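This report covers backbone geometry, core packing and model confidence, in that order. The structure is shown below.

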Amino acid sequence: MDFYCRYVLGFRTLDEESKKNSIRKFQILGFRFNFQLFQASARIRLRFLFADLIMSIGPGESSIPENDVVIVGSGPAGLTCAIYLARSGVVPVVLMGDVPGGQLIKTDVIENYPGFQEVSGCDLMMKMMSQAEFLGTKFIYEQVNAVSKIDGGFRLVLNSGETLSSMAILIATGATHKKIGCPGEDDFTNKGVSWCATCDGPLLKGNKVVAVVGGGNTAVTEALFLSKFAGRVFLIHRRSGLRADKIMQDKLFANDKIEMIWNSEVTEILGDQALKSIRLKNFTDNSEKILEVDGLFIAIGTVPASSIVRDLVDTDDNGYIKAANTLTSCDGLFAAGDVVSGSLKQAIFAAGSSALAAKRIEEYLWMR
Ligand SMILES: Cc1cc2nc3c(=O)[nH]c(=O)nc-3n(C[C@H](O)[C@H](O)[C@H](O)COP(=O)(O)OP(=O)(O)OC[C@H]3O[C@@H](n4cnc5c(N)ncnc54)[C@H](O)[C@@H]3O)c2cc1C
C-alpha cells in the first residue's frame, strides 16, 4: 500500500542549475536503489515498492498548492491535456463540468477525426475518458464557479462550495453556439439542424437543399462551404445587408447555387423523425412562408465559457481568451480548445492545442 512521508530538505531556494542537478542525482539514485522519479515539479515524488516519498524544493511548504495541475473541462481539449500530463508523470485533476465529454458527446457522426472513418461523438469521448482514467487522471464531476490567484497558484471554488488549489490551471471550457430560440430547434438538433457546416455539410451531398441563418463572416463561409456539396443553399438574414467582409460577400453573390432571403427570420423548425422544413417570417410585410430544407445551419455566433477567469486573463471583444500557444496573460493559467480566441472550432484542433498546453504546463512545473 502506498503511503506518503514528507522529507523536508532545508526548504532553501535553489537556482535552476542546482535544481536540475538534484533531479538528475535522484534519477541516477533511482536506477541504483530501485525507485522511480515519479513526478517533478515544486514537489518531487519518488515511487518505492512500498511508499511514495515527497521531497519539496522551494520557498516553503505552506505556499505549495495541493494539486500540480487542475484542468477545467472534459471535452477533447481537457482530456487530451490530461492524457499527455498523466503520461509524463503528473497527476492531473479534471473538473468535468455539467457536460462530461463536452460538445461532441451528443454528436451522432464524426467523419473528420483522424483514425476514425466514422465515429459517434459519444464513443470518441468515452474512449478519451477511459484512456485518461487508465493513465491515472482524477475526475471530479463538478462545475467551477470561480477562480482566483493565491500564493503559489490558484484557488478554485466548485459548485458544491468545496475548494481546490493548484499550481497550474488549464482552461478548456469550450464555447456554446447561440440558438435561434424558436420551436423545434432542440427537437431537430443533430436531426438536420446543425451549428457546424465543416462537421455536417459533407453529409448533405447531391441534390439537397440547405439553409444557413446569419449575416456575418461565419454564416457566409458556411454557405460557401455548403455550396460544394448541396444542390441549393439559402442564406437567411434578418437585415437587408450582410455584416460579412466585402470580399466574402463578393464570393457569395458570385455563387449561383446560393440565394439570399433578406429581412427574414426562422420562426419554427418542422419535421417528424428529422427536419423537413422551416417557417420563415418576413419583417417588411409580416408575411410567412414554409421552405422545405434537408439541413439548417445556424451561424449566429458563439459564446465562450470564459466567465470564471475573465478577471484574470486578457480576452477579445467576444470574451474568448487570448492565448499565444496556450500561454495566457496570467502566469500559470493556460487555455486550449474552443475557448481560445481565433481557434479552429474543431475537435482535432482542441486536442492538438491541448497537447501543446500539456508540454507548456510540464515546463512550467519543472521551473517552479
Ligand atoms: C453539434 C456539433 C457537432 C460537431 N461536430 C464536429 C465534428 O464532426 N468534428 C469536429 O472536429 N468538431 C465538431 N464539433 C466541434 C467540437 O465539438 C468542438 O470543437 C470541440 O468539442 C471543442 O472541444 P473543447 O474541449 O475545447 O470544448 P468542449 O467540447 O465544449 O468541452 C468543454 C468542457 O468544459 C466543461 N465546462 C464548461 N464550463 C465549465 C466550468 N465552469 N467548470 C467546469 N467545467 C466546465 C463542459 O462541461 C465541457 O466538458 C461539433 C460541435 C457541435 C456543437
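Asn286 counts as exposed because it has 7 C-beta neighbours inside 10 Å. In this predicted model, Asn286 sits in the loop that joins β17 (275-282) to β18 (288-292). Its phi is positive, near 60°, although the residue is not glycine. Most residues other than glycine have a negative phi.

Asn325 also has a positive phi, of about 50°, and is likewise not a glycine. Its place is the loop between β20 (302-304) and β21 (333-335). Asn325 has 11 C-beta neighbours inside 10 Å, so it counts as exposed.

## Nonpolar cores

The largest nonpolar core holds 54 residues, and those touching the most other members are Ile71, Cys81, Ile169, Leu170, Ile171 and Ala336. Helix α2 (residues 76-87) supplies the largest share of this core, with 8 residues.

Beyond its neighbours within four places in sequence, Ile71 contacts Gly78, Cys81, Ala82, Pro92, Val93, Val94, Leu95, Leu170 and Ala172.

## Confidence of the prediction

The protein has a mean pLDDT of 86, and 83% of its residues reach 70 or more. Residues 1-13 have a pLDDT below 50, and the model gives this stretch 17 contacts beyond near neighbours in sequence.

Residues 46-61 also stay under 50 in pLDDT. For this segment the model has 46 contacts beyond four places in sequence.

Definitions and conventions. Residues are numbered from 1 along each chain as its sequence is written. This is a predicted model: local features need pLDDT of at least 70, side-chain atom pairs count only at pLDDT 80 or more; totals for chains, interfaces and linings use all residues. pLDDT is the predictor's confidence in each residue, from 0 to 100. Two residues are in contact if their C-beta atoms, placed from the backbone, lie within 7 Å. Helices (H or I, at least four residues) and strands (E, at least two) are DSSP runs, numbered from the N terminus. A residue is buried if 20 or more other C-beta atoms lie within 10 Å of its own, exposed if 12 or fewer, and partly exposed in between; C-beta atoms are placed from the backbone. A nonpolar core is a set of buried Ala, Val, Leu, Ile, Met, Phe, Trp, Tyr and Cys residues joined through C-beta atoms within 7 Å.
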